[in-house]
Amino acid sequence: MTIPDSGYMMENESIGLPCTPEEEKRIIEELTSEAEPNMKEGDLYYVLSNRWFTEWQKYVGQGVGAFQFDDISTESQLLVSSKTADRPGPIDNTSLVSTGSDCEGDDLQLLRTMEEGQDYVLVCQEVWKKLFEWYKGGPALPRKVIPVGVNKKLVVEVYPLCLELIDSRDKSQSVIRMSKKASLHGLYQRVCAVGGIDAEKARIWDYFNNTKQVVLVDSNKTLEESNLQMDQPILLEVQVDGFWPSGHGMDSTGNELALVPMEPVRSSVTIAGGPSLSNGHSTGYTLSLYQGSTLNSTMTDMEDGYDSLRSSTKGDRGGLAGLQNLGNTCFMNSAIQCLVHTPPLVEYFLQDYTDEINSHNPLGMHGELALAFGELLRKLWSSGRTAIAPRAFKGKLARFAPQFSGYNQHDSQELLAFLLDGLHEDLNRVKQKPYIETKDCDGRPDEEVADEYWMYHKARNDSVIVDVCQGQYKSTLVCPECNKISITFDPFMYLSLPLPSTVTRTMTVTVFYGDGTGLPMPYTVNVLKQGSTKDLSIALSTACCLRNDESLLLAEVCDHGIVRYLETPLEPLLKIRDNEHIVAYRLPKIQADSTRLEICHSVMPENLKGSEGKPFLTPLVTYIEDTQTGADIDLAVNRVLSPLKRKALLPLTKLNGHEENGSASDTTEESTSNCGSQPETGKQSMDYSDLEEMSGKDLSFRLCIADDRGLKFKPIARDTPVKQSSIVKVMLGWTDREQQLYDASYLKDLPEVHKMGPMVKKTRQDSITLFQCLDAFLKEEPLGPDDMWYCPRCKEHRQATKKLDLWRLPEVVVFHLKRFSYSRFLKNKLDTFVNFPISNIDLSKYVKSKDASAGSHIYELYAISNHYGGLGGGHYSAYAKLIDENKWYHFDDAHVSPVSEADIKTSAAYVLFYKRVKSESNGVIGESSQGHGSS
């Protein structure tokens, strides 16, 4: 059927019923809602171009991104134009398919660099059928739903396993694509069908690295369990006249030897015995170690890339082996190299740690992760410089942490966090965790409470990871309403440090005098771009010479009204746009019973008494005490407007023996040029005795007071009672009389926060120090709206302020530099250079505990995980120091090379590993936070 350029498709052509955009949207949403909760293994989902799907969403009026996310914000819905978009053309998935792919359907090869939600979306089979019925096009890209991990989470396998089949008879090559959940039996059927041979005469080898690793036995074992990797070769051998081709794994009679794993040389050291084993392998995986577990000692559980019969000779240097990249696994290789070069962990895993395996911990991985990591560590420290292919470890990782499976790039720090936590649970010496109810601090000394929390933590968590990597920090929460203080002492495994911006921002704010002592004055100040309203207040206080008995009240003004008050000190300045108008009211520090008076303005024609008029000018704010009647408000309005009274009309009075100069602008100029010369309260632009006389007559202004909701105004008279409230809002009506008496120009045309000029250059992020990052991490800040704290006193969730302090430092301190930031519509990476000390970094300043037995607070760097490039890709590598040699090396996947200590400081540094300097180094002076130079 031809697709028209415009108009509606027919949902049912036979009866000619048109399908409107609204109907298309409804049908697709209903099909999606029905399919998602009923997803099961084997279901088909279709890969669909996100570019085409976005055009369809605009056409039907569905929020862009609504298909992928349930929690659609108003901002995302605004992305859809209110104007109806054109009907999209045929479905076009060609941009998703790798060039040269001449297969069809699930055999079509997709580009490997794509991301879900950015390049493609996944739709259920019924949705695809309906969209294809309406729009045609293609190609169709069906993918199956498979279970992953021990929890059998259902996911769509967008990238099936791609294997390179080599036929040993003629060395021909072909590509086999199958699900990683397919069985080896299925692989044999597929290969034999391609080659036209009987399964009984076929033998398939795992041919990783073009080396015969192990025969893949025809069984129900999955390809994933066999540790087969994306794009790796497999070798087909065909039996001829009852004989297999001669070569590896065959004796002279043709009997198979490769099916039986080689038994390593016995040693007095057991499973975690380390280098004393001739090949570094465990000999006891299938003995009585873990009854009922899936651990085994087959060749497929061993790492590749080393000679299994080769002993470590004396001349070999341990710790210099690289890790092969198994398809975007540089993130894993970087994290592993940092961990396997952590001295206490090396010492631990080269020893016998069998007794500490906790195979029954429900929070662990039955000891399998610890065993796989220990196995890999021993290979890396016993294989000389031969690179290891960590296939078995990657298989365990995919099983217990499917979020790291597949072949996309992941985050080395997120993997590191999982490994440390998983190793801890697998090695937890506590077999039965006791239930402990924590007590409130109740004013007890911090030292007592901290030790109690640590004792409780150790009673449930006791492992080598806790011994080496876990510290303790103090967390203080303060309720913004009742000032309830909650103090807890929590463990940490690593510290995620924000990178504070040194980029400044120019902001212009108009300051108004709330007590009528001066004219409004705009001030331009420089503040940190990522600063808070507190930083802006401090900068303005300095610029306008604020007195000690005064405070500033910031507010945003729009359409001649106050939109909001900026009263949260830690509110980010990023929320204030350059084109907004911000004002600051200079007010005396208020008393508890003071009322905030907000004065708005409107133009009021003479013949419309009582009318609210048209709003104009900038609102004014002042504080008044003991407000009872309209006369009190009238008096306050007169006082605030007094500096605006035109000079020719001001009564000249004698105050304190001096003539009133009547020029508010002169007074203001003095106050801005000399902070020591503040206008005195007695030197006003108007004699307040006149105001007192006015209070006994009619009101001097046409004033209307707002109702409780602030929406409607009603006129007030001198004796009108005023309801007691924390905020009173009035509307001041300006007639021709007021405009003759007062110069309203001072309240017009507020400057924008920042007016971008034609020659303004963007400021550049300068380098920062690790100590600045640590200061930013420990500073007080409000909790996010999604992380509210339940205040036990208010009995409600509050956006409390949180302050962290380091209390107890571990042997190894891991600093994670938060270079990546994610939001619904923005992903960003900071390439800021962080200047970090290499040796003798002194953290004493940050540790609040006074316990002298806590150990030294001097640390030295020994490993770095680096990330190069941008988001959604890039490359990871690691720098690590061999402590015995006192030399640094660069671990870039399989390639290992020496590197100068002077070259390890780069803007790619992502995770920093420091170890404690032993107490015998007491004579060494550490680099403190006061000295940020390089070591």
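Student: Is aspartate 43 buried or exposed?
Tutor: Aspartate 43 is buried, because its relative accessible area is 18% and the cut-off for buried is under 20%. Keep in mind that this is a predicted model.

Student: Which residue does aspartate 43 form a salt bridge with?
Tutor: Lysine 40 is the partner, and the closest N and O atoms are 3.2 Å apart.

Student: How many salt bridges does the structure hold?
Tutor: It holds 41 salt bridges. As background, side chains of opposite charge can pair when their charged atoms come close.

Student: What about glutamate 237, what does it pair with?
Tutor: Glutamate 237 forms a salt bridge with lysine 212, with 2.6 Å between the closest N and O atoms. That pair links distant parts of the chain, 25 residues apart. Glutamate 237 sits in strand E13 (residues 233-238), while lysine 212 is in the loop between strand E11 (202-206) and strand E12 (214-216).

Student: Are those two, glutamate 237 and lysine 212, buried or exposed?
Tutor: Both glutamate 237 and lysine 212 are buried.

Student: And arginine 798, which residue is its salt-bridge partner?
Tutor: Glutamate 796, with the closest N and O atoms 3.7 Å apart. Arginine 798 counts as buried because its relative accessibility is 19%. Glutamate 796, at 41% relative accessibility, counts as partly exposed.

Student: Which residues do salt bridges with shared partners join into one network?
Tutor: Glu356, Arg429, Lys458, Asp462 and Asp467.

Student: What lines the largest one?
Tutor: The lining has 13 residues, and Glu224, Leu228, Gln229, Lys394 and Tyr407 lie nearest the centre of the cavity. By class, four are nonpolar, five polar and four charged. Helix H9 (residues 391-400) gives the largest share of the lining, four residues.

Student: Now the sheet. In what order do the four strands of the open sheet come?
Tutor: The order is E5-E3-E7-E8, and the pairing is antiparallel. Strand E5 (120-124) and strand E8 (153-156) are at the edges with a single partner strand each, so one side of each has no neighbour in the sheet. From one strand to the next, the twist averages 40 degrees.

Student: How many bridges join strand E3 to strand E7?
Tutor: Three bridges join strand E3 (residues 44-49) to strand E7 (residues 142-148). Tyrosine 45, for one, has arginine 143 in E7 as its bridge partner.

Note on methods
Residues are numbered from 1 along each chain as its sequence is written. This is a predicted model: local features need pLDDT of at least 70, side-chain atom pairs count only at pLDDT 80 or more; totals for chains, interfaces and linings use all residues. Side-chain values use heavy atoms; hydrogens and water are left out. A salt bridge is a side-chain nitrogen of Lys or Arg within 4 Å of a carboxyl oxygen of Asp or Glu. Buried means under 20% relative accessible area, exposed over 50%, partly exposed in between (1.4 Å probe, protein chains only). Helices (H or I, at least four residues) and strands (E, at least two) are DSSP runs, numbered from the N terminus. On a 1 Å grid over the protein atoms alone, a cavity is a set of points where a 1.4 Å probe fits but cannot get out, and a pocket is an open set with protein on both sides within 12 Å along at least five of seven lines; lining residues have an atom within 4 Å of a point. Ala, Val, Leu, Ile, Met, Phe, Trp, Tyr, Cys and Pro count as nonpolar, Asp, Glu, Lys and Arg as charged, and the others, Gly among them, as polar. Two strands pair if DSSP finds at least two bridges between them. Axes are lines fitted to C-alpha atoms, for helices over the stretch in contact, and angles run from 0 to 180 degrees between N-to-C directions.
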